[in-house]
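Trainee: I'd like to go through this one with you, starting with the terms.

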Amino acid sequence: MRKRRMVVPAAGLLVGSLVGTGMTVSAVAAGTTDFYASPTGTGTTCSSSAPCALTAARDKVRAVAGSMSGDIRVLLRGGVYTLSEPLTLDVRDSGTNGHQVVYTAAPGEKPVFSGGQKVTGFSVFDSAKGIWRATLPAGTLNAAARNSRDVSINGVPAQRARTASFSDSVWPLAPGLAWTSVHYTAEGNATLSGIDFTQIPSPERVEVVDNYYWKQLRCPLESITPTTVTIPATATTVSPFQPGGTSAEVRIKSNAACSANQVRPFPGYPLNGSGAPTLSNVSWLENAYQFIDQPGEFYIDASGGYLYYKPRGGENLATADVQVGAAEQLVNLSGTPGHLAPVNATLSNTSTTGTVTLASDTPPDPPAGQAKGKPFGDLNHDALKTQQVGASFSYTFTGVGIDVLGEKMVDGGNLAVSIDGGTPTTVSNRGTARLAQQVLFSARGLAEDTHTVKVVNQSAGTVRVDAFTAIPKAIQPVHDITFQGITFANTTWTQPNTRGFIDGQGGVIWDPDTHLNVRVPAAVQVHRGKNIAFTGNEFANLGGSALDLADGTQNSTATGNWIHHPGSNGVAVGEVDDYYLADTALMTSGNTVSQNRVEHPGRNFAGSVGIWVGHGRDIEISNNDVGHTPYSGISLGWGWGYASDCAMQAAETINAMDANPNKYKGVPRPTASTPCTQGTIYSGRNKILNNYVHDVMGLLVDGGPIYVLGGQGAGGTSRSVMAGNVVSGYNHGTGVAANKDLYIDEGSSYWDVYENVVRYANGTRWTRLWTPTIHDIDIHDTYSSVSTAENNATNSTIEPATIVYRGAWPAAALAIISAAGTTQEHASPATKVDNDDRRIEYRGIWTAFGFRGMGDRDDNIHTTPENGSYALLTFQGTGVTLIGEKAPDQGNVEIFIDDVSKGLVNTYAATLSAQQSIYTANGLTPGSHTIKVVKRDGTSATVDGFDITP
């Protein structure tokens with residue numbers, strides 16, 4: 001085997017008092033200036049004895065930041081800072097002269113930036129069903145809170161009331177109908193699991209949820225109407241409604257995003273890969289009082305002003321901290337120019353002279369017997385075209401710069417480009433291959449004013465001008481700001497309530513107005529940042545994504561944070577619509593996401609991931625612990641096969657034709673010269689290193705622990721690296737061909753993948769290079785518990801993995817396992833060990849199961865059917881408790897403490913009970929010990945985790 005030194009990044013340097021990390025902090029640098037803020041602060045003194053409000057402290061910093069001679073710290077006193085509006089920071093609030101502005105917890109204190117509103121005064125509303133009710137505080141809860149999707153009880157998120165899951169094959173939406181008339185008519189009476197749908201008072205608040213492979217789509221209802229249709233009680237029906245009685249027509253809202261899949265333009269990649277987003281099935285219904293039937297479910301009656309909740313065991317609503325998410329954002333750091341997106345060139349917004357036409361990017365029909373090509377990839381599938389010498393295009397914009405996008409092609413020529421009638425610059429649009437959306441000309445440093453760019457064809461070649469990206473402001477990032485030791489909590493995001501949520505992939509959705517790709521907003525948002533750091537913070541119970549480093553943010557870090565239960569992504573980096581950039585100053589680059597624990601992302605929107613990266617260069621995702629995800633764990637890249645050449649795309653089409661000959665009967669086969677959608681992507685030199693990714697794919701399919709997509713290598717000049725990662729515990733959809741543990745998807749290129757460990761794959765392929773647009777991939781030195789891999793890629797190699805049976809990992813694999821994930825100071829609390837903690841050694845036949853909904857710790861468990869299989873944990877402390885199930889199919893397990901048998905423990909019970917204390921050892925000598933759990937009899941044995949006594 002070829003061996004390469006595995007890159008193990010060092011832990012980040014942490015400064016200040018970090019809440020909940022147990023870390024030793026460095027001394028304050030000389031020359032540091034301190035200001036103080038508190039939740040009840042007033043005035044402008046901002047001193048230790050007279051702290052001010054958060055915004056006043058921000059303004060105090062702003063007044064002196066321009067002449068910094070040392071760091072400035074805003075020391076945050078403990079307590080809850082309730083934010084109805086986000087703390088906004090811009091370039092004026094940035095560190096200067098090489099120093100940082102640091103917002104940090106005061107020593108020993110815990111500041112919480114909260115978007116929540118507290119609700120009290122609960123009383124029993126329905127004793128038979130165990131439902132309680134509280135009046136929402138009049139005058140304090142805003143519209144977002146009264147329509148909130150997010151409630152937490154003592155820091156634990158509650159579930160919006162929902163029905164049980166339906167089978168997609170049982171309750172499909174009516175096919176082939178326009179969304180203006182889509183409806184589903186129940187074929188029996190209007191009850192489902194005892195719910196009378198005709199009695200729901202606000203059907204427009206009810207939401208249809210559709211789990212479709214790798215995405216979750218949501219749309220509100222428009223109406224529920226009783227019908228006069230009756231079905232005899234003896235009739236057979238495929239509806240979940242029972243036969244007999246009157247039926248109900250359930251109509252989905254026909255505007256906004258929920259009609260977008262019929263009326264929007266379909267751009268294809270690089271914005272979207274496979275298929276238009278389509279709400280096609282009903283997985284469950286959500287958000288009606290009538291749906292409350294499980295502990296932990298809530299419903300907010302916006303019109304009546306009530307919060308209904310069914311408590312979980314042990315919750316006392318008289319004393320509980322009940323928070324309703326009210327604000328949608330907590331912190332916003334924004335530099336200029338902010339988000340940039342190209343504007344499509346049309347005859348209405350571009351002045352032309354000579355013969356200029358708006359031409360489709362679809363190739364003309366070829367001669368008989370030749371394959372018709374794909375669209376060329378122009379923005380909006382069109383471009384302004386001329387072949388006339390002297391013809392021109394002029395576009396007027398306001399700003400300080402402009403990018404002119406067009407095609408490069410073999411029959412291109414020379415262009416003269418000028419700004420405001422100045423001296424023209426000669427550029428060429430000639431290329432060796434036809435490439436879409438290329439930056440043909442850039443201008444920077446213009447006065448912030450209105451300008452006109454003019455493009456003149458100077459030769460007989462073909463010119464296609466596709467789009468213009470105006471740069472409205474000079475590049476001035478918000479910079480040199482650190483947040484540390486802060487809890488960000490209790491936000492919501494209400495747009496899907498009325499507009500719907502049409503998922504694309506990985507927290508990228510279709511905008512209901514523009515029908516373009518946008519991303520779920522984050523509670524803590526950075527636009528155009530530089531040298532921004534988030535260190536040792538907690539992000540908890542957030543309605544959208546947690547942290548977003550967006551719009552060309554550079555050289556920034558997210559280090560040592562605990563991120564749990566965000567509604568969408570945990571950490572997001574980069575964009576999906578800036579693939580064309582040639583200006584490195586505008587690119588997302590140099591960011592690091594390291595040493596973070598990301599748990600239970602996608603709480604509201606299941607197509608989300610723990611860590612997401614769009615387009616970017618020199619991005620490092622290292623030593624993170626990502627787990628308990630409904631979809632993939634880490635996702636990097638965008639663009640599908642856009643950066644792969646036409647020969648690869650033709651081979652991909654031929655593979656599809658060979659696999660489905662009836663579907664393509666009579667269709668000519670493409671060749672390497674058949675036109676295709678092709679452009680360039682600036683991404684490259686990215687690193688996914690030493691992460692521990694576990695308990696993934698809990699709800700959706702077609703994903704994996706680590707997922708990469710689209711072109712890398714910055715055009716082939718560099719390679720990206722995926723090394724030293726441990727992936728473990730695949731759940732929903734095991735055995736589906738699309739699932740892979742190291743998932744290298746369409747168009748991925750220039751990856752070196754080595755020294756990774758695949759555990760508890762549960763029957764999936766450990767990797768599958770499934771199509772020829774994947775190219776220049778090198779995979780080797782893999783250790784895996786499953787042997788299946790597949791290579792249909794171009795110029796790519798997969799070295800067979802070292803297959804490891806029954807948990808007998810060799811020393812090299814154990815070294816990788818030991819080095820993966822967070823270091824100890826960032827790890828989960830040492831007193832609580834989940835069953836998929838990488839420190840547990842499982843020997844024999846074990847299977848990891850997650851998202852069972854049976855009350856397991858972190859909703860996952862390990863189980864074995866084999867007598868003699870064991871689990872071994874080495875721990876530091878004076879005691880340990882084994883947590884597991886008691887169930888009818890279980891028998892005896894034998895417990896060993898420090899290799900000394902403590903006898904058999906019977907785990908049989910007549911009914912299943914989760915999270916049971918199976919065995920406890922106390923009074924051990926302080927220091928290192930081991931506990932071993934060995935299955936001795938019964939059908940199965942389980943390990944759910946361990947509790948350690950320090």
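Mentor: Let's start with burial: a residue is called buried under 20% relative accessible area, exposed over 50%, and partly exposed in between, using a 1.4 Å probe and protein chains only. This is a predicted model, so local features need pLDDT of at least 70 and side-chain atom pairs count only at pLDDT 80 or more, whereas totals for chains, interfaces and linings use all residues. Residues are numbered from 1 along each chain as its sequence is written, and side-chain values use heavy atoms, with hydrogens and water left out.

Trainee: Okay, is Tyr750 buried or exposed?

Mentor: With a relative accessibility of 19%, Tyr750 counts as buried. Tyr750 sits in strand 59 (residues 749-754), where strands are DSSP runs of E with at least two residues, helices are runs of H or I with at least four, and both are numbered from the N terminus.

Trainee: And what about its phi?

Mentor: The phi of Tyr750 is positive, at about 55°, although Tyr750 is not a glycine. Most residues other than glycine have a negative phi, and most peptide bonds are trans. Asp859 also has a positive phi, of about 60°, without being a glycine; Asp859 is found in the loop between strand 69 (847-850) and strand 70 (860-864), and it counts as partly exposed at 22% relative accessibility.

Trainee: Which peptide bond is cis, then?

Mentor: The bond from Thr336 to Pro337 is cis, with omega near 10°, and Pro337 belongs to the loop between strand 23 (331-334) and strand 24 (343-344).

Trainee: Switching topic: how many salt bridges does a search of the whole structure find?

Mentor: The search finds 36, a salt bridge being a side-chain nitrogen of Lys or Arg within 4 Å of a carboxyl oxygen of Asp or Glu. One of them joins Arg160 to Glu207, with the closest N and O atoms 2.9 Å apart. That pair links distant parts of the chain, since Arg160 is in strand 12 (residues 159-160) and Glu207 in strand 16 (residues 207-212), 47 residues apart. Both Arg160 and Glu207 are buried.

Trainee: What does Arg768 pair with?

Mentor: The side chain of Arg768 meets that of Glu790 in a salt bridge, at 2.9 Å from N to O. Arg768 lies in strand 61 (residues 765-769) and Glu790 in strand 64 (residues 789-791), so this pair ties together parts that are 22 residues apart in sequence. Arg768 is buried, with a relative accessible area of 17%, whereas Glu790 counts as partly exposed at 23%.

Trainee: Now the helix: why does the length of helix 5 make sense?

Mentor: The expected span of a helix is 1.5 Å times one less than its number of residues; for the 14 residues of helix 5 (residues 646-659) that should be 20 Å, and the end C-alpha atoms are 20 Å apart, which agrees. The buried residues of helix 5 are Cys646, Met648, Gln649, Ala650, Glu652 and Met657, and they pack against strand 62 (775-780), with contact meaning heavy atoms within 4.5 Å.

Trainee: And where is Gln678?

Mentor: Gln678 is in the loop between helix 5 and strand 53 (687-689), and it is buried, with a relative accessible area of 9%. Leaving aside residues up to four places away in sequence, Gln678 touches several residues, including Tyr642, Asp645, Cys646 and Gln649.

Trainee: Last one: how many residues has the largest nonpolar core?

Mentor: The largest core has 106 residues, and those with the most contacts inside it are Tyr103, Phe113, Leu333, Phe483 and Phe534. A nonpolar core here is a set of buried Ala, Val, Leu, Ile, Met, Phe, Trp, Tyr and Cys residues joined through side-chain atoms within 4.5 Å. Not counting residues up to four places away in sequence, Phe483 touches residues among them Leu87, Tyr103, Leu333 and Phe534. A second, separate core of 25 residues includes Val833, Tyr842, Ile931 and Ile948.
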